[in-house]
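Trainee: I would like to go through the assignments in this model and ask what each one rests on.
Mentor: Go ahead.

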Amino acid sequence: MDYNGSDTLPGPRAEDHLPHTAQAAAKIVIVGGFGVGKTTMVGSVSEIRPLTTEETMTQAGIGIDDNYGSESKTATTVAMDFGRISITDQLVLYLFGTPGQQRFWFLWNGLFEGALGAVVLVDTRRLEVSFDVMGRLEERGVPFVVAINSFPDAPSYPLPELRSALDLSEEIPMVECDVRRRASSRDVLLTLMRYLHSLTMTGSLR
Ligand SMILES: Nc1nc2c(ncn2[C@@H]2O[C@H](COP(=O)(O)OP(=O)(O)OP(=O)(O)O)[C@@H](O)[C@H]2O)c(=O)[nH]1
Ligand SMILES: [Mg+2]
């Protein structure tokens with residue numbers, strides 16, 4: 001077997017190494033329906049090159065793949081996204097984005113395993129899918145925050161109206177975001193961490 005050239009493989013980059021101050025790590029899942037921006041969020045916020053498992057959506061997927069008229073979307077996650085962010089010097093989050101197409105939802109249970117919390121990404125054009133998503137997290141006892149990813153052509157509603165439409169209880173944080181922006185995605189994760197901390201303080205975190 002020819003191993004010529006194997007020494008030219010790129011080695012780990014400086015940013016791939018865990019900060020030496022890291023003391024704790026938590027697994028966080030980014031979940032939501034098809035095309036809400038999960039892969040975009042993991043990619044925008046990750047400090048390591050994110051792992052994606054995207055496949056091109058082709059004509060063959062017509063009638064099988066979910067489609068809601070997002071003509072510009074050409075790829076879809078078939079297994080998971082993976083990224084990492086140091087949220088403080090001590091705390092590192094491992095981010096797992098789920099596939100959004102319903103035919104891959106069977107993979108979610110594995111991805112939820114050991115997760116400390118979740119971000120539910122919501123597109124206001126398709127609120128209905130969020131009920132299934134939140135229901136599954138509740139079933140698995142994974143606490144979550146809701147982040148409304150604002151697409152330009154999506155209807156904009158006041159957050160209290162959305163909260164009521166999603167039948168979301170008052171204590172669950174809800175924020176607006178633009179997952180293409182690193183700072184915005186990071187703010188969502190900080191909201192989740194603050195929420196998890198408050199649950200720990202009140203003893204409600206399982
Ligand atoms: N305008 C706008 N476009 C966005 C935003 N977030 C994501 N997009 C675009 O919307 C498309 C969908 O994003 P993805 O990140 O692939 O969505 P996903 O949830 O991972 O999709 P699946 O894995 O197929 O479920 C991409 O073309 C993004 O560039 C946003 O906040 N605003
Ligand atoms: Mg994706």
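Mentor: Start with a facing pair: Ile28 stands opposite Gly117 in strand 6. The model is predicted, so local features need pLDDT of at least 70 and side-chain atom pairs pLDDT 80 or more, while totals for chains, interfaces and linings use all residues. Residues are numbered from 1 along each chain as its sequence is written, chains are lettered from A and ligands numbered from 1 in the order in which they are written, and side-chain values use heavy atoms, leaving out hydrogens and water.

Trainee: What makes strand 1 and strand 6 a pair?
Mentor: Two strands pair if DSSP finds at least two bridges between them. Here 4 bridges join strand 1 to strand 6 (residues 117-122), and the two run parallel. Strands are DSSP runs of E with at least two residues, helices runs of H or I with at least four, numbered from the N terminus.

Trainee: Which sense, parallel or antiparallel, does the pairing of strand 1 with strand 5 have?
Mentor: Parallel, over 7 bridges, with strand 5 covering residues 91-97. Ala25 stands opposite Val92 there.

Trainee: Why is strand 1 called largely enclosed?
Mentor: Because 6 of its 8 residues (24-31) are buried. Buried means under 20% relative accessible area, exposed over 50%, and partly exposed in between, with a 1.4 Å probe and protein chains only.

Trainee: Why do Thr39 and Thr77 count as buried?
Mentor: Thr39 has 17% relative accessibility, and Thr77 has 5%. Both values fall under the cut-off, so both residues are buried.

Trainee: How do you know that Lys38 makes a polar contact with ligand 1?
Mentor: A polar contact is a pair of N or O atoms within 3.5 Å; within protein, one must be able to donate a hydrogen and the other to accept it, and residues adjacent in sequence count only if both atoms are side-chain atoms. A polar side-chain atom of Lys38 lies 2.7 Å from an oxygen atom of ligand 1, so the pair qualifies. For a polar side-chain atom of Asn149 the distance to a ligand oxygen is 2.8 Å.
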